[in-house]
Amino acid sequence: MKGKLASVIVFFAILFIFPIVTLALPKKEKSENENRILQKMPVLSASTVADRSFMNQFEKYFSDHFVAREQWVQGKTAMELASGKKESNGVFICKNQLIENIAQPNLKYTKQNIQAIVDLAEKYQKKPYFMLVPTAAEIQKNKLPANSPVFNQGKYITDVYEQLQDKTANLDVYSALQAVADEYIYYRTDHHWTSKGAFYAYFATAKAMGYTPMREDEFIIEHVSHNFLGTLFSKTLYEHVTPDIIDIYKPAKKQQDIQLQIEENGGWTRHTGLYYPERLNEKDKYSYFLGENKGIVKIQNLASSNYVNPKRLLLFKDSFAHSMVPFLINHFDEIVMVDLRYINKELNSFINVQQYDQILFLYNIDTFASQNDVAKLSAIG
Amino acid sequence: MVFSSLTFIYLFLPIVFLAYFLAPKKIKNIILLIAGIFFYAWGEPIYVLLMMLTITVDYTAGRLIDKFDNDNKKRTLCLLGSIIINLGILAVFKYSAWFVTTINFFGADLAIPQIALPIGISFYTFQSMSYTIDMYMRNVKVQKSYLNYATYVTLFPQIVAGPIVRYGDVQNEIDSRKSSLPMVSKGIGIFIRGLAKKVLLANNIGALWTIIKAENIQNLSVVSAWLGILAFTFQIYYDFSGYSDMAVGLGRILGFKFPENFNFPYISKSITEFWRRWHITLGSWFRSYVYIPLGGNRKGKGRTIFNLLVVWMLTGLWHGASWNFVLWGLYFGVILIAEKLFLLKWLEKLPSFLQVCYSFLLVVFGWVLFEFDSLEKIGMYFKAMFGLNHTAFIDQNALYWCGSYIVVFILCIFFAGDICTKAYKSLKRKYTKFFTVVTPATQAIIMLACTAYLVTSTYNPFLYFRF
């Protein structure tokens, strides 16, 4: 009888404690780790009940604010790993590293993206450079769990470059990264490459792009953060990985006076320098490099001696480019970054392509293979 | 509302239990009725009215059948009215698309109706019909209180996913029931067992089937194809029996003894035995209300076979409004007939282990018919399972999935048998004091583990907003 009473007491205690604590605690506005605003209490009305939106949002509200939400997520990840799973929420848990299991390529989107680049090249009679960057799942695949179901990114790059034929100048960063695969070229808790990874890619492709790269000893490497927990940490909340270090490469001898102009709501905001130090105090530290992704960002090196007749680069990119621009800006006086995910207007309404000395498409495989934002160029270009 | 959700477990249940246990006896049914309607309306804010219609029709039919106790013609009319309306509603809301697709196949060119299926309609319709049919057959007493009848149909434990609780099973308890500590405690144990089956086992092994099902069937290695269908085999068992357990457990806490719906079906030694252990309340419903009225096995061999085929076609069709479900039902119908006629006698000569293998394999093959809605896909999947697609026996994906899911599979296999239950029962008798602590502690741990999974299912980092 005592056992039965204990069962009853335990059950009802659990059943009442969690909701009471949840409802009593003050509610947070947003989740840093989930990078989104948490659901607010929904409005109750005949229409929100009839279309179930009230119920759906209420359930979301209750679970978004459930007490110790993130600890529960960590508990579940721990249970899954104990049961032999090697992945959590699409991220491989490797030894002291998290590696994203990027989606299988969408061949239709890939084709559309390729076509858009070819069309642009033909329209403007220019040969753009194309840098397709593999992710950690490929270059550091020896760290992945046995038999991981990942696709061959090397083959994907070869296929894409082949389909572009000679319409583009294809840049090979794969070999350069593979040669240094054991170095700290990808973050441990984030899906981006590190500044060092970007450096190796920069160094290997400079000649093809027509300039002599600076050597690593021509830079001063500064550690700006030792506790970066990135996107892959957010997805898994897995804490047993050493937090990442963010480095910046400052030219030792060159002068730089970098000004950014960011298009925002029809106007332009200004920012001095490549970096956003205030981001280092937030969760989203990668945006320390050139801020968040925006549609158009103009980067000018006003200390360049060529300011009267600037050398210009038009850069179609995803967030991987943010680690690369600090190197490119030593060889161009002006770089205009265009993020096609945030552009919905005609290219030639804000860009005069002929003004640019070079065009570079810089994408990591995940963006290029799973999304068709590049294809927007065909529609709008 | 769904049992395996934070809102149900941590808001609905505490509030309902509090109100229910504090309320005086006379009010308890009102509380349950409100809770049941709220629970159902939470998922179907509009179609809750349809359910109320069914309730009103059958309550009225019951009263009339009782009133016309001496007039057989009128009684029969009331029964027919109730059956036609109930089955009519079911036909429109569940089967109209299937029906139209079928007659289109024969040349018609009608637009296929797109009617959303109201939750639980297959369950509550069958439950409510059981009352009118049993009233007609004089198996149950009339329920004069509309409130009590409505409480029966809307009982939130089983309205959405069964078991199919016939009015006769609970007619006494509806009017007066007793709660007791042992009953509540037992209910809690069964509920937690069901929750664990659903959240820890079904959802997890089901994730593997979701992955494999999304692959190109023709590229699956043999091992992958088997891993996939075995994953589904366990998913559907733990999902369905988990829900039934939660329903039975909740019922017990409230003072109701619902019939069990699953009795370790995968240890069956024949398909005949399997259907006495799987979705027991459905089999029993069809037996009482279709098979026996048709004559059962008392009208000669030919008629028996016909009766069995009708029942199994309907059983298949109950599970889904699509021809592959009919095929699935007939598949079992044919096997059952064969077993009845001669197969069982042969099987009994085999060692138990082989009998279980025979039965389990046939059930697994059945699930292929159940899960794919076209003969083409069914054929492709069987080909994959038997290496006829020119794929490898085992490949990298299969190895990865084995490694990732081996523990879940072992747990699924282990708990599919009754070893654990038997051992627990005998150990508990021997070491009662030990289990006084261990049982509640284990229950608490399981509840916390399930909660972790339920919270995580809504954890959704939105990475590209900024990146």
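User: In which helix is the place of Ile410(B)?

Analyst: The model is predicted: local features need pLDDT of at least 70 and side-chain atom pairs count only at pLDDT 80 or more, while totals for chains, interfaces and linings use all residues. Residues are numbered from 1 along each chain as its sequence is written, chains are lettered from A and ligands numbered from 1 in the order in which they are written, and side-chain values use heavy atoms, with hydrogens and water left out. Helices are DSSP runs (H or I, at least four residues), as are strands (E, at least two), both numbered from the N terminus. In chain B, Ile410(B) has its place in helix α16.

User: What is the area of the nonpolar surface patch that includes Ile406(B) and Ile419(B)?

Analyst: Patches are made of residues with over 30% relative accessible area and no salt bridge, like charges being joined within 9 Å and nonpolar side chains (Val, Leu, Ile, Met, Phe, Trp, Tyr) within 5 Å; areas come from the Shrake-Rupley method with a 1.4 Å probe, and for residues only the protein chains shown count as cover. Helix α16 of chain B (residues 396–416) supplies the largest share of the patch, 6 residues. Together, Ile406(B), Val407(B), Ile410(B), Leu411(B), Phe414(B), Phe415(B) and Ile419(B) make a patch of about 610 Å².

User: How many residues has the largest nonpolar core?

Analyst: A nonpolar core is a set of buried Ala, Val, Leu, Ile, Met, Phe, Trp, Tyr and Cys residues joined through side-chain atoms within 4.5 Å, buried being under 20% relative accessible area, exposed over 50% and partly exposed in between (1.4 Å probe, protein chains only). Among the residues with the most contacts inside the largest core are Trp193(A), Phe8(B) and Phe156(B), and its total is 261 residues.

User: Which helix of chain B gives the most to this core?

Analyst: Contact means heavy atoms within 4.5 Å. Leaving aside neighbours within four places in sequence, Phe156(B) is in contact with residues including Phe8(B), Leu32(B), Leu250(B) and Leu254(B). With 18 residues, the most is given by residues 222–254 of chain B, helix α9.

User: What is the radius of gyration of chain B?

Analyst: The C-alpha trace of chain B spans about 70 × 60 × 60 Å along its principal axes, and 56% of its 467 residues count as buried. The radius is taken over C-alpha atoms, and the globule rule is 2.2 Å times the number of residues to the power 0.38. A compact globule of 467 residues would come near 23 Å, which agrees with the value for chain B, 24 Å.

User: Is Leu144(A) buried or exposed?

Analyst: Leu144(A) lies in the loop between α6 (136–139) and α7 (153–163) of chain A. Not counting residues up to four places away in sequence, Leu144(A) touches Phe92(A), Cys94(A), Ile99(A), Ala137(A) and Val150(A). Cys94(A) is 50 residues away in sequence, yet 6.0 Å away C-alpha to C-alpha. With a relative accessible area of 11%, Leu144(A) is buried.

User: How many salt bridges are found over all chains?

Analyst: A salt bridge is a side-chain nitrogen of Lys or Arg within 4 Å of a carboxyl oxygen of Asp or Glu. Glu138(A) and Lys141(A) form one at 3.2 Å, N to O; Glu138(A) is buried, at 2% relative accessible area, whereas Lys141(A) is partly exposed, at 42%. The bridge of Arg69(A) with Asp64(A), closest N and O atoms 3.5 Å apart, has both residues buried. The search of the whole structure gives a total of 33.
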